[in-house]
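Keep the model open beside the text and follow along.

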Amino acid sequence: MIGRLAVAAGLAGVSGAHQLARLPGWPWLLALAAALLLGVGLLWAMHPGLAPAGAPVRGRLCGHFRGWLRGRLRRQLSCLGLWLLAGAAGFVFTAGWAQLTLADRLLAGNVDRVSRVLLRVEGLPRLQPDRVRFEAEVLEARPAGVPRRVLVSWSAPGWRSPYAASQPADPPFPVLRAGQVWRMALVLRPVSAAQNQAAFDYEGHAFARGIRASATVRGTPEHVRDDDWHSLAVVADRARHGIREAMAPYLRDRRYGPVLRALAIGDQDGVDDSDWTLFNRTGLTHLVSISGSHITLLAGAGGLAVSWLWRRLAWRGRPLAERWPARRAAACAALLVAWLYCLLAGWGVPARRTLMMLAVVAGTQALQLRLTGSRVLAMAAVAVVACDPWAVLASGFWLSFGAVAVLLAVGAEHEAAQAAARRAGQATWAGPGPAPAVASVTASVAAQPVSAWRVRLRRWRQGLWLAARLQWAVTLALAPALAWVFHEISLVSPLANAYAIPLIELCVTPLSLLLAAVAPVPALAPLAEALAWLAHAVLEALMQPTQWLARLPTWPVTAGPAWLYLLASAGAALALWPRPALPQWLRHRRGWACLALAPMLFWTAPRPADGEWDLHALDVGQGSALLLRTARHALLFDAGARHGRESEEGSRTVVPLLRALGLRRLDTLVVSHADLDHAGGVRGVLDAVPVEQTYSSFALQPWLETEARLLQAPVVRPPLALNSCLLGAHWQVDGVSFEFLWPLDERRVRKGVQANRGSCVLRVRGAHHSLLLTGDIDARGEAALVRRGLGAVDVVVVAHHGSRTSSSAPFVTATAPRHVILQVGRWNRHGHPAPMVLARWARAGVRLWRTDAQGGVNAQSRATGLTLYSVLESSRRYWHGRRP
C-alpha cells in the first residue's frame, strides 16, 4: 500500500504542476531538484530497511518501549517522506518538461506573417472535401523562430457561403501521407481558442500534443521527397493511411461506415457530430473509440492462438513447450499484438494504458512474479505519465484507469465471496472423500441429467449477475467524472451497455478488424464487401434501440465547485471498496456512502437575488453572444456566428454554458439583427433548449425557414411568442427592468449597413447597476439615442465590435460607463476594434474588457458592488499564451 500511495502522490504532483498559471523558472526547478536528491538521501538513511548493516535500531540508553516507539515513528516518518518526495518528483519532472515545451514557441515577429517552411507530414491527415488538416514537423524555416510541430490547414481557393455544402477542391488536393516532405508558404499564428466558462480547453489539448502553432497554406506547395522509413511512427501512420484508403470503397455509402473505420484504425474524423451526441447520451463513447477492452480482446486472441500452437509444435524433435513455457510465449505474443494494434490505432491514452498494463503482466510472467491488480495498475500509471505527463489532462486517462480499478475491486470481492462459499461447502460436506466445489455439489450428489442443467443454469445466472454488477459499479464510479466533463449523467447507460458491449466487442470490432486486414488485398474484394455489409448490419441494428434510448431524459448536473466531485468520487470508491478490506463495522454500511453523490446531483448554481443580475459575455470570436441571468429568469442577447453548415456558436458555445449553469430553458431570446455573426447560432440554441419568447429587429420565423431551406434541414421549433424589439417595448422580472431603446419603427432590414442601423438596443436596470447592450448600431443611431435622453450606465457592451463607425464621442460622454466590454475576434479581417475607438474609451477613464485578449467576461451586479472578471485570467494555465 505504501508504494501505491507513493504513485498517487506522484500523480498529484504531476496534476498540481498543470494547475499553475506560471511555471517556476529554471533556477527554482534546479533548486527543487537538488532538494529532492537531498531528501532521497535522508530517506535512505532514515528508513529502517535501508539502514547500513549493523546500525543499531534502538539506542543503548533507551528502554524497550522507547526503542519500539522510535522505530515505529521512524517508519511513519519515512513513509510520509516517501510520499512527499514522490509528489515533488512528479512536480519537478512535469514542470521541467513543460518549460522545454514552452521554449519551443513562435516568435512574435513571425505571428500572422508568411514564413517559408520545409516540413514533414505526421499522423493521419484529416480529410474534408474542401480542406485538409494535418500535423507536421518543421525541418527548416525562413525566418527562424518557428516551433517544431505545427497544425497545418490547407483550404481550397475561393470563398463559399456558410450554408454551402462542401465541394471537392478544383484542382483536387494531392494525396498526403505521413513521411512526405513539402515546401510551403505558411501564415503562422500561436494556437488560440475561445476561453469560456465550463468549456473545453483546446489550447491545453494542443499543448499536450506538442502543437505550438497553427498554420494556413498560401500559394502552391511543392512536394520535395518521401521519407517513408523515417521513424516507426511514420511507418505506422503510412500503414493506417493505406488501410483507410483500402477500406474507403467498402464504407463510402454506408451510414455508420466512419464508426467502423474508427473501430479498426482509430480514425474518428468522419463520425458525425449527431452520432457523438448519441454515444455520449447513452454512455457508449468508450466503445466507439479504440478502448482498452478492444486491445485486450485482440491481444488475448493472439496469446491464445500462440499458446495453442506452442503446445503442439516442436523444434528438432523437442516440443517448444519444453524449451520455453507456453504461458510465457503467449504473454509475449499478446504483448506484441497489442503493441502493433496500438500503433495502428494512433497511440491514444487508453491504448497506452492498456499496453503498459499488458507489459507489466508479461514482465511478471517472464520473471515469475506475483503482483496484485492494483500494483499492475499503479505501475501502468507510472509508465504512462513518464512517457506523457500531459496524459492526466485527458478525461480518458482518469476514466480508463478508474474503470479498470473498479473492475479489479469488484472482481476481487467476487473471488473472495466464491472462496468463502467454497470453504463453507467444504466445512459442511459429510460425504466420502474430499469435499467437491460448490459449483459441482449438485452434480456430485445426483448424477441425473437435470442436475447438470441446473448447474449450468446457475452458472449462467451467476455470470449475468456478475456482469450486471460490474456494469453498475463502473457506472457509479465514473458518474462524478462524466458529470464534471459533460454536466449530465446518462440514466440509460447500464441498459445500453448491456447489449452494446457484447455486440461491439465480440462482433462489430472483430469484423471491422477483419475488413481492415482483407481490404488491401484486391483478390479478397468479395470477402471484404461481405464483411463490410455484415459489420454495418449489426451496428445498424444495434443503433435502433440506442437512438430510442438517447431520446430519454438524462440527469442534468450543474457545474459546481471541485469539492462536490471529489466528495462524490470518495463516496463511490467507498461504496465499491472490496468488503473484506473494510473494517467490520463498515462492511454492512458501505452502501450509505452512495449518499455522498447527492450534493453533486442536486447542486444548483448560485443565482442573483431580486434586483441583481449576472452577465456572461461569451468569447465567440468575431461575433456576439451575451447571457443575462436574474433571480429566476434568463435572457440571451444574440447567439454567435455561423461558420459553416455544421459549425455554429449556438450549439458549440452557448448551449454548453446553459447546461453548466443548470439552465434548461430560456425565458427570452433577443436577436439584434440578421447578420450571421449575431444570428448564426440561433438555430442551434432553439434546437437544444425551449425558448419562451423572442425579440428581433426582423421577421425571425421567415428567416429560420429560409435558413432551414439552405441547410436542407427541418425547421426548428419556434418560440412560443415572436415580438419586435421596437422602442417602448419593456418588461420587469425579479426586480430588474428591461427596455428596448432602438429601433424606432417597423423597418425590416436584412443585410449590410442597414441591418446594423436597425439593430436592437436593450437597456437593463437593476436595483444597483445598469447595463446597455447595443448590438451593431452606428454613430447616427447613437446620436439619436443621446438626443432622446440616454443617460449614464454602469456597463456598456460596445457597438459593432469596436468599429470606427460606432462609439462616437457624444455617446461615450453621455453613457459615462465604468466598464466597457468588447466582443471581438482575434486577428479578425475587419481590424476591429479600431485604434481610435480604443483611444476614445481610454480617455473616458473606463475599464476596458476584450474577449479576444481575456476570453469570456463575466459581470455581477450585487448590493455590495459591481464585479467583473475574465474567464482566462481566473482560470489561466501556463500553456495559455499571453494575449495582447
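Arg-189 is partly exposed, with a relative accessible area of 27%; here buried means under 20% relative accessible area, exposed over 50%, and partly exposed in between, using a 1.4 Å probe and protein chains only. Its side chain meets that of Asp-112 in a salt bridge, at 2.9 Å from N to O. A salt bridge is a side-chain nitrogen of Lys or Arg within 4 Å of a carboxyl oxygen of Asp or Glu. Asp-112 lies in the loop between helix 3 and strand 1 (113–128), while Arg-189 sits in strand 4 (residues 180–189), so the pair ties together parts that are 77 residues apart in sequence. Asp-112 is also partly exposed, at 34% relative accessibility.

Before going further, please note that this is a predicted model, in which local features need pLDDT of at least 70 and side-chain atom pairs count only at pLDDT 80 or more, whereas totals for chains, interfaces and linings use all residues. Residues are numbered from 1 along each chain as its sequence is written, and side-chain values use heavy atoms, with hydrogens and water left out. Helices (H or I, at least four residues) and strands (E, at least two) are DSSP runs, numbered from the N terminus.

How many salt bridges are there by this rule? The count comes to 29. One of them joins Arg-763 to Glu-739, with the closest N and O atoms 3.0 Å apart. Arg-763 belongs to strand 20 (residues 761–765) and Glu-739 to strand 19 (residues 736–742), so this pair ties together parts that are 24 residues apart in sequence. Arg-763 counts as buried at 11% relative accessibility, whereas Glu-739 is partly exposed at 27%.

Another salt bridge brings together the side chains of Asp-794 and Arg-818 (3.5 Å, N to O). Both residues are in loops: Asp-794 between helix 27 (779–787) and strand 22 (795–797), and Arg-818 between helix 28 (809–815) and strand 23 (819–822). Asp-794 is buried, at 17% relative accessibility, and Arg-818 is partly exposed, at 42%. Elsewhere, Glu-122, Arg-126, Glu-135, Arg-149 and Arg-209 are linked in a network of salt bridges.

Trp-26, Leu-30, Phe-93, Trp-97 and Leu-100 make a nonpolar patch of about 510 Å². Patches are made of residues with over 30% relative accessible area and no salt bridge, joining like charges within 9 Å and nonpolar side chains (Val, Leu, Ile, Met, Phe, Trp, Tyr) within 5 Å; the areas come from the Shrake-Rupley method with a 1.4 Å probe, and for residues only the protein chains shown count as cover. Helix 3 (64–103) and helix 2 (26–46) each give two or more residues to this patch, and the largest share, three residues, comes from helix 3. Leu-30 is in helix 2 and is exposed, with a relative accessible area of 58%.

Finally, step back to the whole protein. Its secondary structure comes to 31 helices and 26 strands. The radius of gyration is 32 Å, close to the 29 Å that the globule rule gives for 884 residues, so the protein is as compact as a globular protein of that length. That radius is taken over C-alpha atoms, and the globule rule is 2.2 Å times the number of residues to the power 0.38. Of the 884 residues, 47% count as buried.
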